Amino acid sequence: MTRSIGVDAALDPDLARLLTQARSVVVLTGAGVSAESGVPTFRDAQQGLWARHDPMALATPEGFARDPALVWDWYQWRRELIANTAPNPGHRAIAELAERIPDLVVITQNVDGFHQLAGSGTVLELHGNIQRSICSRTRRDIPPSWLHEHADRSPVPSPHHPHGLARPDVVWFGETLDEVVLGDAFAAAQRCDLMIVAGTSGVVHPAASIPVVAVEHGARMIEINPVESELSQLAEWHLVGPSATWLPRLVEILVE
Ligand code: BJW
C-alpha cells in the first residue's frame, strides 16, 4: 500500500525512520527535478517538449538522418535554455543527502548536468549530456572549439569523418544506453535499501526498470512527484508535490 502525503502534512515518524535508517540509497531523477529551474519536462500535457515537438522527428537517429539541421538547431535552443538556467534547491538537496549517506548513488535521465553543478560527485547519466557533442559516424567527442569555429553552420560537419556530422551526446529512442553506466545503475539498484524516485513519469525504459529491480531486491521506495506516475504503485511513500520542496525536507529530517 502506498502512503501519499502532501507538502503541508506534519512529518510522519515512519518516513523519518525510513530515511534515517537507510544505509545505501539510490536517487533516480527525471525531468521534473529540473522543472523548477525552468527546464521544460517532456510529457507535461501543455508545457512538455513532446506536446509541442514530435519526438520521432527530434529524438531518434532516423529523425536526425532525415533533417540533421532541424535536430541540431532544436538541441542548440535547448542547450542555450539550459545554459541560462541553474540548479534548484532540489538538486542541491540531493548533493547534501550524499554528504550524510556515504553510499548514495545519483542516477539521472536528465541531460542538463545540473546534479554535478549542484555538487553531486559521481552521477550516472543514463541519457547522456546535452553540452557534449559527438561525431554521428564514429561517436568520437567533438571539442567545443570546433563547434565554436563552425557556429555559422547547421548541421555542423564532424572533424572525425568526411560524412559525419556533429550531434548531441544524448540517447535517442531506439539507441542503446552506455553499457557501463547502465551496469553501474542496476548494480546500485540491487544493493540499495532505499530508492528515491523524483520527477519522472516512469514510462521510458530501461530507466524505469531500475526502481523495479531495486524493489525486487528488497529496497523500499519513496516517490516524489506532484502526480501519480507509472512507478507509484511500487512506492511505500508518495510525497506529493514539487521536488524542490520535498528534497530539502528530506535533508532536514537527516539533520534533525
Ligand atoms: C515534477 C515536477 C516537480 C513535474 N517536481 N516532479 C520496454 C518497454 C517498452 C518500450 C521499451 C522498452 N525498452 C525499450 C523501449 C523503447 C524505448 C521506450 O522506453 N519507449 C517508451 C516511451 C515506450 N526506449 C528506448 O528506446 C531506449 N533505448 C533502449 O532501450 O535501447 C534498446 C532497445 C531499443 C528499442 C527497443 C527495445 C530495446 C532509449 C530511451 C532514450 C530516451 N531519450 C529521451 C531523450 C534524451 C535526450 C534529450 O533530452 O533530448 O530521454 S526521451 C525523454 O524521456 C528523455 C527523458 O530522460 C526520458 C524520461 O522522461 P522523464 O524524465 O520521466 O520526463 P517526463 O516529462 O516524462 O516526466 C516528468 C515527470 O516529472 C512527470 O511525472 C511530472 O509529473 C513530474 N514533475 N514537475 C517533481 N516540480
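Reader: Where does Val105 lie?
Author: Val105 is in strand 3; helices (H or I, at least four residues) and strands (E, at least two) are DSSP runs, numbered from the N terminus. The model is a predicted one, in which local features need pLDDT of at least 70 and side-chain atom pairs count only at pLDDT 80 or more, while totals for chains, interfaces and linings use all residues. Residues are numbered from 1 along each chain as its sequence is written, and side-chain values use heavy atoms, with hydrogens and water left out.

Reader: Is Val105 buried or exposed?
Author: Val105 counts as buried, at 15% relative accessibility. Buried means under 20% relative accessible area, exposed over 50%, and partly exposed in between, with a 1.4 Å probe and protein chains only.

Reader: And what does Val105 touch?
Author: Leaving out residues up to four places away in sequence, Val105 touches Val25, Val26, Val27, Leu124, Ala188 and Arg191. Contact here is heavy atoms within 4.5 Å.

Reader: How far apart are the C-alpha atoms of Val105 and Thr122?
Author: They are separated by 7.3 Å, and the two residues are 17 residues apart along the chain.

Reader: Turning to the sheets, what is the order of the seven strands?
Author: The order is 1-10-9-8-2-3-4, in an open sheet with parallel pairing. Two strands pair if DSSP finds at least two bridges between them. Strand 1 (3-6) and strand 4 (123-125) are the edge strands, each pairing on one side only. From one strand to the next, the twist averages 20 degrees.

Reader: How many bridges join strand 1 to strand 10?
Author: Four bridges join strand 1 to strand 10 (residues 237-240), and the two run parallel. Ile5 has Leu239 of strand 10 as its bridge partner.

Reader: Which helix packs on that sheet?
Author: Helix 12 (residues 243-255) does, touching strand 1, strand 8 (194-198), strand 9 (220-225) and strand 10. The direction of helix 12 makes about 140 degrees with that of strand 9. Axes are lines fitted to C-alpha atoms, for helices over the stretch in contact, and angles run from 0 to 180 degrees between N-to-C directions.

Reader: At what angle do helix 1 and helix 12 pack?
Author: Helix 1 (residues 13-21) packs against helix 12 at an angle of about 75 degrees, with the axes 9 Å apart. Helix 1 is therefore roughly perpendicular to helix 12; angles under 35 degrees count as roughly parallel, over 145 as roughly antiparallel, 65 to 115 as roughly perpendicular and the rest as oblique. Ala16, Leu19 and Thr20 of helix 1 meet Leu250, Ile253 and Leu254 of helix 12.

Reader: What about the largest nonpolar core: how many residues has it?
Author: The largest nonpolar core has 28 residues. Such a core is a set of buried Ala, Val, Leu, Ile, Met, Phe, Trp, Tyr and Cys residues joined through side-chain atoms within 4.5 Å. Among those with the most contacts inside it are Val25, Ile222 and Leu250. Helix 12 gives the largest share of this core, five residues. Apart from this core lies another, of 24 residues, including Leu28 and Met195.

Reader: One more topic: in what order do the three strands form an open sheet?
Author: The order is 6-5-7, and the pairing is antiparallel. The edge strands are strand 6 (141-142) and strand 7 (166-170). Five bridges join strand 5 (residues 128-135) to strand 7, and Ile134 stands opposite Arg167 in strand 7.
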